[in-house]
Amino acid sequence: HAVDADLATLYTREHGKVRAEAEFEFLTAPVLPQILGGMADAALAPVLIEPPAAYPRLQREPYGVAALVLPFNWPIAVTMMKLSSALVTGNTVVAKVPPSVPLALLDFGAVLAAGLPPGVLNFVAGPGADISRALVTHPGIDVISLTGGVATGKAVMAAAAERLTPVLLELGGNDAAIITPDLPITDALADQLFAATYTTAGQVCMAVKRLYCPRDRVGELADALLARCEREVIGDGLAPETTLGPMHTAAGRDRLASLLTSAAVSGATVRTGGHLREEDASSEGYFVLPTVVTDVPVDAGLVTEEQFGPALPIISYDGVAEAVAAANATDFGLTASVWTSDSELGDRVASQLVAGTVSINAHGMAAQDPRLPFGGVGVSGIGRELGPDGLLAFTQPRSFIRRPTPA
């Protein structure tokens, strides 16, 4: 369970996330195999339709070889999420390493593979889409599991259609969080919302992407979040004082800058908090200060698209029903949340939010439970990971029937 210091340093250097977050990701790696392994017997047990007879019987069996296509943002954690389910259910694996953050994952994968029979776990790496296409169209691949963006998911699904290979897709999110009128705006709330929004510089599929707030409290909430942002030190993830690293790519930074500029031109108020380390000010790193945006038009790209960076639009509403309708007005549906001190209201709003995971007074990674399935609706994906459903996703059912011997 110990984290190799050189491996954590390598991961931070090639990814950008702060070292403490890199270490956390490695330390949590053993958790998923333990939890999912403990659920496997019950999830995979043969189902006897008329117990205690041996027939008719439904039996779950592995697909065979699973192709795992991994993202750049949390590649260690996502590898363990997919790998645990695939291996526990009896599959072998070929994992495609994200081209922009390959080294730490390959070293980590070598450690994992050394503890398994030869050929059970394999990693491939390289730039461009050709390798991914060769993998997902290979006749030896029996099921594909991808975490990535919507465009990549569509491309993989189209390629898999050539051989009708089953796909499991965990794609993007434009996740909404609703603050109800009864909830006090406190420092504790700001802390939780900050973590749910800005972790990994906002490059998390399940992060809060849109925050809905009663119209007369938008200013108060924005000020509280900005005060929390002011405590951040942005810079080199290996520097001990850094609390928020850079964005992973120049393209991601530039796209976010374009969304913020467009919002400002449309009349939005864009404010930033925190400060950049002096040592990094002239480094040309992909640094973005945590940003809060108010007065943003509801049709702005910052609201309608997944920004995937450290910027949060706060959108006003006049009634809770209006907030729910606005939260659901998207093609995405990965996660959503409602924040309230009224448990009855929280249950009612949660039941109306359309997303694969809906939480009350929590969001993002703090709201996840690996015993439950995770995945999205709409363009946020197909299928589920984790929990019993995630285990079964790497299996296919076989039905066994027995009739009397012909006379």
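Trainee: What volume does the second largest pocket have?

Mentor: The model is predicted, with local features needing pLDDT of at least 70 and side-chain atom pairs pLDDT 80 or more, while totals for chains, interfaces and linings use all residues. Residues are numbered from 1 along each chain, and side-chain values use heavy atoms, without hydrogens and water. The second largest pocket has a volume of about 640 Å³, a volume being the space filled by probe spheres set on grid points joined across faces, edges and corners.

Trainee: What makes a set of points a pocket, and which residues are closest to the centre of this one?

Mentor: On a 1 Å grid over the protein atoms alone, a pocket is an open set with protein on both sides within 12 Å along at least five of seven lines, and lining residues have an atom within 4 Å of a point. Of 27 lining residues, Trp74, Ala77, Met206, Met365 and Gln368 are the closest to the centre.

Trainee: Why are strand 5 and strand 17 said to stand at the edges?

Mentor: Strands are DSSP runs of E, at least two residues long, and helices runs of H or I, at least four, numbered from the N terminus. Two strands pair if DSSP finds at least two bridges between them. The open, mixed sheet has the order 5-4-3-6-7-17. Strand 5 and strand 17 each have a single partner strand, so one side of each lacks a neighbour in the sheet.

Key. 1 Å grid on protein atoms, 1.4 Å probe; cavity = no way out; pocket = protein on both sides within 12 Å on 5 of 7 lines; lining within 4 Å.
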